[in-house]
Each structure stands twice: as structure tokens, then as C-alpha cells.
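Here's a structure that may be new to you. Have a look around, and then we'll talk it through.

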Amino acid sequence: MSPFSRPAFILTYLYTILFPGFICAALRLFCPTVPSITRPSASSSISSFCVLPVNIDIPYLLSTLSFSIASLLETVHSAVLELIYFTSPYFHLSPGSRPRDCGDLYASGQREDGIYSVFPLHHPAGFQVYCDMTTDGGGWTVIQRREDGSVNFFRGWESYREGFGKITGEHWLGLKQIHALSIQGNYELRIDLEDFENSTAYAQYGTFGVGLFSVDPDDDGYPLTVGDYSGNAGDSLMKHNGMKFTTKDRDNDHSENNCASFYHGAWWYRNCHTSNLNGQYLRGQHTSYADGIEWSTWTGWQYSLKFSEMKIRPTARQIYLS
């Protein structure tokens, strides 16, 4: 459990369970004939269990004021509960609920790496993903993996939109699926890298999303939102922030040439790239320029990496009991 999650849960519990009772107790100072307060549930409204009497033996003005206060506080109460729902939906994840991502699965007690079905809010049919439940606290949904060159990544727009490869091996989850995951809330991105000398590095971004502000993400090119770098691989992705995805048959970059065709990959190219994780599997040093699996701040533009794995995890949903 995150060191911040249990205190947050306790505070949320105290608010949702005790706040309405405190309000009723306060109102009884003004309205002594208010009936006894019953224990509320988190979904209760103030008015459902704290009812002001119609006939009260106090001035009319004070009665009107009391009703106004109750109405105002009920509005605040509902707004805060709604805020808790959207920023901390783990608090509402009941047994049997369908997981929205690997974070939900981790919250429900799953600790094994492997294939799971997830059901994002805007993709109710669901799809299968690989969950990394061990790296840096677990709960990661893998969206890309390169490891042996067995899958061709030099593909067109439709393949990158729908996804391809084998979930337990090399694969691209799909822009459509990545979009459905990342628009559910605040997500972070982790990229794990390994070279052919078995050295490893990682880059982590506290902000990540694909098509976050798009009405039609496919037509808009699934633009990348990324920020807040940390790690030891160097930042080779921030220069791609805000860029649309480009494939060999759909040119959305800022170059005179199609960067995907030129560098044999598909990416959120600008003009053209500082990273190219969907490039050719060239097995280490190569004489061609920047067309392999490149992370330039770590290994430059003429070293194609042995392994890369991109995975995302919710950052705002930290209230869970595990």
C-alpha cells in the first residue's frame, strides 16, 4: 500500500461517514426539535437523514436560515463526494466490479504479472492487456514491448490504431486502446530500457495521455501529452509532447519528409525524433542513422536497444485497501 493511501482513505472515510452527522448536530443547535440522527452511508444525502421539522418553536427567520444552510451544505457535500469519485475511484471499487486497468486489478489484490481483461469507462467491451504487478509498486498496464525482433513494427495507421503483436511478447496495444485508458483520469508513463550489454535504464513521466483533448482522436492523430520527467535514461520524449502520431501511410509530423518512412518506425514525430521505440530491431550498434529502437539521451542515434517496455498507471487513484 502506498504510504499516502491509508491516511487518504481514513480522511475520505471520515468525511463521507461523519460529515453529514456533524452538520445535523450543528443544525440542532438552531433547531432543538430535529429528530435523532441516524448513521449515514457514503451515498446518503444530508436531507435524507437530517430533516428539519416543519413546525419549530423558534423565529421564522432562524428557521429559514437553517434550511438555507442545510441546502448549501448538502450541495457542498454532494460536490465533494463527486470530487472523491473522480479523483479516487478506487474508493468505489466494490467486489465484482470490472477493472478499468491494471491499477484496478492491483487494488483488488492481484499480484501476478500476466494477461488480464480490462474494461475502460469509454471502451465497455474491454480488451486484454499485460499487467506488470511488480515494477515500482505494480499496477502498470503495458502498452508497448520490444524484446527479440519477432514482430514487424514498420506498419500503417490501421495497425497502430487497432494494435498488433502478442501480448506476452512483442506488441503495440493500439492507439485506440491507449486513448481509452488514458482519458479515464491522470496517468503516468514508465519506459524500461535494456541494451545488449545487459545495462538497464528507465524514464518516467508523471503526466501521460493520448488524445486527451480530442473530440475525434483518430481524425486528430492521437496527439501525445507527456510531462514531469524523472529517471536515469535521460528525457528523450518531452520534445514529442503535443505531436500527432505518424505512420508510413499517415504523415502528421512537422518534417518535409514522412519521419515514419524515413526512420522506419511509427511515433509522435516532430522534426523528426529524439526517441524511436517503434523503429527497426537492429541489435545494438548500426551504421544507419536513427532508424532503430533509439533512446538518444541514453545510447545516441546509432544504437538499437535490446528491450523496451512502455507502461502506464493511474496517479490520482491511490485510495485502496491493500
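This is a predicted model: local features need pLDDT of at least 70, side-chain atom pairs count only at pLDDT 80 or more; totals for chains, interfaces and linings use all residues.

Residues are numbered from 1 along each chain as its sequence is written, and side-chain values use heavy atoms, leaving out hydrogens and water.

Q: What share of the chain's residues count as buried?
A: Buried means under 20% relative accessible area, exposed over 50%, and partly exposed in between (1.4 Å probe, protein chains only). The chain has 322 residues, and the buried share is 51%.

Q: Which residues of helix H6 are buried?
A: Helix H6 covers residues 175-182, and seven of its eight residues are buried, so it is largely enclosed by the rest of the structure. The buried ones are Leu175, Gln177, Ile178, His179, Ala180, Leu181 and Ser182.

Q: Which residues have the most contacts inside the largest nonpolar core?
A: A nonpolar core is a set of buried Ala, Val, Leu, Ile, Met, Phe, Trp, Tyr and Cys residues joined through side-chain atoms within 4.5 Å. The largest one here has 53 residues. Strand S7 (residues 200-210) gives the most to this core, with five residues. Those with the most contacts inside it are Trp172, Leu175, Leu189, Ile191, Leu237, Trp268 and Trp295.

Q: Why does the disulfide of cysteine 102 and cysteine 131 count as left-handed?
A: A disulfide is a pair of cysteine sulfur atoms within 2.5 Å, and here the S to S distance is 1.9 Å. Cysteine 102 lies in helix H4 (residues 102-107) and cysteine 131 in strand S2 (residues 127-132), so the pair ties together parts that are 29 residues apart in sequence. Cysteine 102 has a relative accessible area of 0%, and cysteine 131 also comes out at 0%. The disulfide is left-handed because the torsion about its S-S bond is about -75°.

Q: How many residues apart in sequence are the parts that cysteine 259 and cysteine 272 tie together?
A: These two form a disulfide with their sulfur atoms 1.9 Å apart, and both cysteines are buried. Cysteine 259 lies in helix H8 (residues 259-262), while cysteine 272 is in the loop between H8 and strand S9 (275-276), so the parts tied together are apart in sequence by 13 residues.

Q: What kind of pair do the rings of tyrosine 160 and phenylalanine 164 make?
A: Rings of Phe, Tyr and Trp (its six-membered ring) pair if their centres lie within 6.5 Å; planes under 30 degrees apart count as stacked, over 60 as edge-to-face and the rest as tilted. A search of the whole structure finds 14 aromatic pairs. In this one the centres are 5.0 Å apart and the planes sit at 85°, so the pair is edge-to-face.

Q: Which residue lies over the face of phenylalanine 164?
A: A charge sits over a ring if NZ of Lys or CZ of Arg is within 6 Å of the ring centre and within 35 degrees of the ring normal. For phenylalanine 164, the distance from the ring centre is 4.3 Å, and the residue is arginine 155.

Terms used. Helices (H or I, at least four residues) and strands (E, at least two) are DSSP runs, numbered from the N terminus.
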